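Please look at the structure before reading on.

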Amino acid sequence: MQGDEPRSMGRLGSTFGIKGYLKVQSFTEQPENLFDYSPWYISRRGDDWREVQVEAFKPHGDTFIVKLHGVDVREEAALLTGMDIGIRRSSLPPASDGEFYLCDLEGCTVIGINDVCLGTVSRVMDQGAAPLLVVSPSDRTKGDRKERLIPFVKGPIVTDVDLESGIIRVEWGEDY
């Protein structure tokens with residue numbers, strides 16, 4: 001597992017109303033669980049994380065809206081749309097035996113068919129039917145230097161996850 005830097009657990013969506021509220025996209029299994037963690041950190045991809053405090057939140061249809069401390073008007077909230085919401089790993093409860101958080105996969109080496117090193121998990125995107133491992137080429141990767149997106153589907157694609165050794169084995173070829 002990497003250090004205790006914030007891990008993306010959600011995203012700030014569009015503004016809502018005139019008092020600085022924002023829609024929230026939660027990447028947690030139960031969307032409301034995102035509000036159990038404090039503090040939140042926000043960032044645009046590639047920028048530094050900055051700490052924010054949740055002032056209020058409430059359900060809105062099948063999603064949530066949030067009011068962040070110091071964000072009091074729609075124009076201030078508009079500057080935050082699209083930012084990732086990060087939570088420090090140390091703020092999360094321990095995973096059950098034999099289970100792990102998707103963020104624990106970041107930094108693991110991905111080994112594909114014929115024991116070929118495909119690269120290192122740089123992040124996990126959980127926005128569809130299955131989470132996607134974003135695998136960046138590593139120093140050990142030969143040939144193509146592009147990122148790979150590998151569906152995290154246990155069994156047919158992901159055959160083994162060994163967090164102690166930092167290795168994920170996949171049925172995925174170098175040329176996929």
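How many bridges join β1 to strand β2? Five bridges join these two strands, and β1 and β2 (residues 21–26) run antiparallel. The model is predicted, so local features need pLDDT of at least 70 and side-chain atom pairs count only at pLDDT 80 or more, while totals for chains, interfaces and linings use all residues. Residues are numbered from 1 along each chain as its sequence is written, and side-chain values use heavy atoms, with hydrogens and water left out.

Strands here are DSSP runs of E with at least two residues, numbered from the N terminus, and two of them pair if DSSP finds at least two bridges between them. β1 also pairs with strand β7 (residues 84–88), in the antiparallel sense and over five bridges.

| Residue | Partner strand | Partner residue |
|---|---|---|
| P6 | β7 | R88 |
| R11 | β2 | Q25 |

Four residues lie between the strands in the hairpin of β1 and β2, where G17 takes a positive phi near 75°.

These strands belong to an open sheet of seven strands with antiparallel pairing, in the order β4-β3-β7-β1-β2-β6-β5. β4 (50–52) and β5 (54–60) are at the edges with a single partner strand each, so one side of each has no neighbour in the sheet. From one strand to the next, the twist averages 40° (axes are lines fitted to C-alpha atoms, and angles run from 0 to 180 degrees between N-to-C directions).

The largest pocket has a volume of about 960 Å³. A pocket is an open set of points on a 1 Å grid over the protein atoms alone, where a 1.4 Å probe fits, with protein on both sides within 12 Å along at least five of seven lines; lining residues have an atom within 4 Å of a point. The volume is the space filled by probe spheres set on the points, which are joined across faces, edges and corners.

Lining this pocket are 38 residues, with S8, M9, F27, L102 and C103 nearest its centre. β1 (6–16) and β9 (117–125) are the elements that give two or more residues to the lining, and β1 gives the most, with five. Domain 1 (7–91) and domain 2 (102–170) each supply at least three lining residues; the domain bounds come from an automatic or database assignment.
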